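Let's take a walk through this structure together, helix pair by helix pair, and then stop at the aromatic rings.

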Amino acid sequence: MPNKRIQSSGRLAPYACRPEESSRLHYEPADPYRTAFERDCDRIVHSSAFRRLMRKTQVFIYLEGDLFRTRLTHTIEVSRAARTIALNLSLNPDLAEAAALAHDLGHTPFGHAGEEELERLMLPYGGFEHNAQALRIVTCLERHYPGFDGLNLTFETLESIAKHNGPVRNKIPFALNEYNRQHDLRLDTWPNLEAQIASIADDIAYNCHDVHDGLRARQFGVDEVERLPLIGPKFKRIKSANPNADESRCLYQALSGAFAELVADVLQTTRRILREAKPECSDDIRLMGAATARFSPDMEEQIGEIGRFLTTRMYRNDSMEGERTKGRRVLQELFEVFLSDSRLLPPEWNTRFVAKDGERARARLVADYIAGMTDRFAIQTHSRLMNSASRAD
């Protein structure tokens, strides 16, 4: 019998997701000490894909320095914000955390440049999209349990991964289509509110920590940060109150304050929407005509300006184009060499490659293998294979 600690549904809002009502594709008996969503969190954290996030690029290539955020540290920051928001809205914090922990599992090495390159390479074979790849990882590619492939996560966590950015109605990615045929994730509806919270926590986290990393990497200066909305006024006020303090300390406190203000804005705006809509169950959230978890219009404008600044001064900065180009070239050459000679894949992957029928299925397997690589492993593998090819010539 479950202990009393897990009988927490009475503290949840009527539109929150309840673990005792959840289901999995493959039946498993309930755990006596953890709710279904807590088990999902544990399975994600113990997965191979989650460990690899430690050496995957957030913005700056993993090898460039040990102080920049990686996909793993970013994911942890998102999960903490998601729990805070969920708890304050009387939602299920464990589901919000599971959605946050899984949201970046499908990212390739070398950040967005790597994803764009794998998208290009996979265009003739059904395409590639990181949210769909995350679903593929947790339903197929993780192979630890004797009774099933994947992690056998709950419906609510799977829908969070598949559509945390909103309904998926047009051009449904390959991996979502493939899985949805056997387990309907209701792709045309909004996800549960906990998933929406995880998604907006992602926006909060990267808009704050990317400013921190960008300044540390000298992609822009303090004078530019001072002109940013939300962050700039806080920084000036803190610096004025602490004239002898290091600018780095003042910036850290300003970013912390901006983070807190963004969370407060989401809470206030989402509460207002909930009061007006009066949802009575989680399905009412799914059937809303728009996102329930939102920033206010004024905050949306401010965070949009920060995002545009980061795009111009950091994400698409010419000074980083060399690294982006190197990453794209590494993935392109790995994809081409593995697709042309599967013997270069590890034995277990080569066995699966040979068993695949048709180039489309084989290309998908190669993409699965490459997408799972860390930055360092991709670079090392590329160097080894290219050096071997040079010696053979």
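Start with helix α1 (residues 36-45) and helix α4 (residues 93-102), which pack at an angle of about 20 degrees with their axes 8 Å apart. Helices here are DSSP runs of H or I with at least four residues, numbered from the N terminus; axes are lines fitted to C-alpha atoms over the stretch in contact, and angles run from 0 to 180 degrees between N-to-C directions. The two helices, α1 and α4, are therefore roughly parallel (under 35 degrees; over 145 is roughly antiparallel, 65 to 115 roughly perpendicular, and the rest oblique). Their crossing is left-handed, that is, the near helix is turned anticlockwise from the far one by less than a right angle, while clockwise would be right-handed. F37, E38, D40, C41, I44 and V45 of α1 make the contact with D94, L95, E97, A98, L101 and A102 of α4, where contact means heavy atoms within 4.5 Å. These residues of α1 and α4 divide into eight nonpolar, no polar and four charged (Ala, Val, Leu, Ile, Met, Phe, Trp, Tyr, Cys and Pro count as nonpolar, Asp, Glu, Lys and Arg as charged, and the others, Gly among them, as polar).

A word on the source: this is a predicted model, in which local features need pLDDT of at least 70 and side-chain atom pairs count only at pLDDT 80 or more, whereas totals for chains, interfaces and linings use all residues. Residues are numbered from 1 along each chain as its sequence is written, and side-chain values use heavy atoms, with hydrogens and water left out.

Now move along to helix α12 (residues 247-277), which packs with helix α9 (residues 193-216) at about 160 degrees, the axes being 10 Å apart. That makes α9 roughly antiparallel to α12, and the crossing is right-handed. Among the residues in this contact are I200, I204 and C208 of α9 and L255, F259 and L262 of α12. The α9 and α12 contact residues comprise 16 nonpolar, one polar and no charged.

Helix α11 (residues 231-241) also packs with α12, at about 135 degrees and with axes 8 Å apart. That makes α11 oblique to α12, again in a right-handed crossing.

Finally, look at the rings. F338, W349 and Y369 are linked into a cluster by ring pairs, meaning Phe, Tyr or Trp rings (the six-membered one for Trp) with centres within 6.5 Å. R352 lies over the face of W349, 4.2 Å from the ring centre.

Terms used: Rings of Phe, Tyr and Trp (its six-membered ring) pair if their centres lie within 6.5 Å; planes under 30 degrees apart count as stacked, over 60 as edge-to-face and the rest as tilted. A charge sits over a ring if NZ of Lys or CZ of Arg is within 6 Å of the ring centre and within 35 degrees of the ring normal.
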